[in-house]
Amino acid sequence: MTGDGAAVDVAVVGAGPIGLAVAWRLAARGLRVVVHDPASGSGASAVAAGMLSPVAEAYFGERQLTGLLLASAARWPAFAAELTEASGVEFGYRTEGTLMVGLTGDDLAEARRLWAYQQGLGLPVTPLLPSGLRDREPALAPRVRGGALAPTDHQVDPRLLVPALRTAAQRAGAVLVPRPVRRLSDLDARVTVVAAGCGAAALTGLPVRQVKGQILRLRAPGGVAPGFRHVIRGYADGEQVYAVPRADGEVVLGATVEERTDTTVTAGAVLRLLRAGVDLLPELAEYDLVEAVAGLRPGTPDNAPVLGPLPGRPDVLAATGHHRHGIVLTPVTADLIADLVLTGVPDPLLAPFGADRFAGAGGGPDRTTEGDQWS
């Protein structure tokens, strides 16, 4: 690493869950850390549902990513306990597990293809008959044809997680600077960590694209807890949907995946999500609709994150491109990036996720074209 005379050891660009967790880990180990973000927690995490789902999110052709998801999910129990102690903030970490369901025969056939693949990887997926599903969640519709339990797929509330991480990082000594970063060369630090989500593209030249997601938030009437405890992920007449219950009565219902860059909420998306959600959990029809919002996930060409140094720039580390998985991957990303900063030795887990897997990656940082700033 270069620049030993820098004012700080590490500059982190981005104060979402990834950037704050990296800052916390580094500050707690004695480094001087400054985090730059004009609006902490206003990016993808503000819209995310917070599912910690390495099993349900294990898809065909993504074995290396699945391995990283599993490694990170395994760290979540200890990470959650440590963060609660360090911050004094509760952030909705829940471990009831996830039920994966199919509404129709066709839905169940499609779901079973994926469950068979997941079981083939040795993942904990337990098939259940409709009676077994409703024993666990009576709120499920009688029409549901079958499902499976992923007991190790948990959840957390990202809107509570960010303040907890911010508090822990600041208590450890990290300094938050509420200003945008226009060029990495403006930062006076021995090492720079770019955890700017979609903004990483302009700062680094990495192929990070914006992937739109629309999501709804409902609330159980009367301020009571929702009538179900597990995260429900399902297929309903071909539509994929999830419902995430919170202790305070909120239910997060989502989410679309659209190759678009606007944040407009569309009537069609709201209709599809509500229809599918109510088909699986009829009681949701009586819930209050309190929010409909769209956000932008940071995706990459292979939908896996970019972790580690930019080609030819060992003093600039990327921690971005997490797409749908930013919350579950927070612990492992923070640990791997912090260890790399401190030791200079990359963990073998980083190998499949380097920036050099993209031709020309990192070739255009510090551009000064109008609009090329992260904010």
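A definition to begin with: a residue is buried under 20% relative accessible area, exposed over 50%, and partly exposed in between. Take Y93 as the test case. Its relative accessibility is 24%, so Y93 counts as partly exposed. Bear in mind that this is a predicted model.

Y93 has a ring partner, W76. The two form a stacked aromatic pair, with 5.8 Å from centre to centre and 15° between the planes. The pair links distant parts of the chain: W76 sits in helix 2, while Y93 is in the loop between helix 2 and strand 4 (98-102), and they are 17 residues apart. Is W76 buried or exposed? With a relative accessibility of 1%, W76 counts as buried.

How many aromatic pairs does the structure hold? There are four. One of them is made by F60 and Y117, whose ring centres are 4.7 Å apart. Their planes meet at 45°, so this pair is tilted. This pair, too, links distant parts of the chain. F60 is in the loop between strand 3 (51-52) and helix 2 (63-87), Y117 is in helix 3 (residues 105-120), and 57 residues separate them. F60 is partly exposed, at 42% relative accessible area. Y117, at 14%, counts as buried.

Now for the strand, which is strand 4. Five of its five residues are buried, so strand 4 is largely enclosed by the rest of the structure. To see how that is arranged, recall that side chains in a regular strand alternate between the two faces of the sheet. In strand 4 both faces are covered. T98, M100 and G102 are buried on one side, and L99 and V101 are buried on the other.

Which strands does strand 4 pair with? One is strand 6 (residues 146-150), which runs antiparallel to strand 4 and is joined to it by five bridges. In that pairing, the bridge partner of M100 is A148. Another is strand 11 (residues 231-236), which pairs with strand 4 in the parallel sense, also over five bridges. There, L99 stands opposite I232.

That is the end of my part.

Terms used: Residues numbered from 1 in each chain as written. Predicted model: local features only at pLDDT ≥ 70, side-chain atom pairs only at ≥ 80, totals over all residues. Heavy atoms only, no water. Phe/Tyr/Trp six-rings, centres within 6.5 Å; stacked < 30°, edge-to-face > 60°. Helix = DSSP H or I, 4+ residues; strand = E, 2+ residues; numbered from the N terminus. Buried < 20%, exposed > 50% of the residue type's maximum accessible area, 1.4 Å probe, protein only. Pairing = 2+ DSSP bridges.
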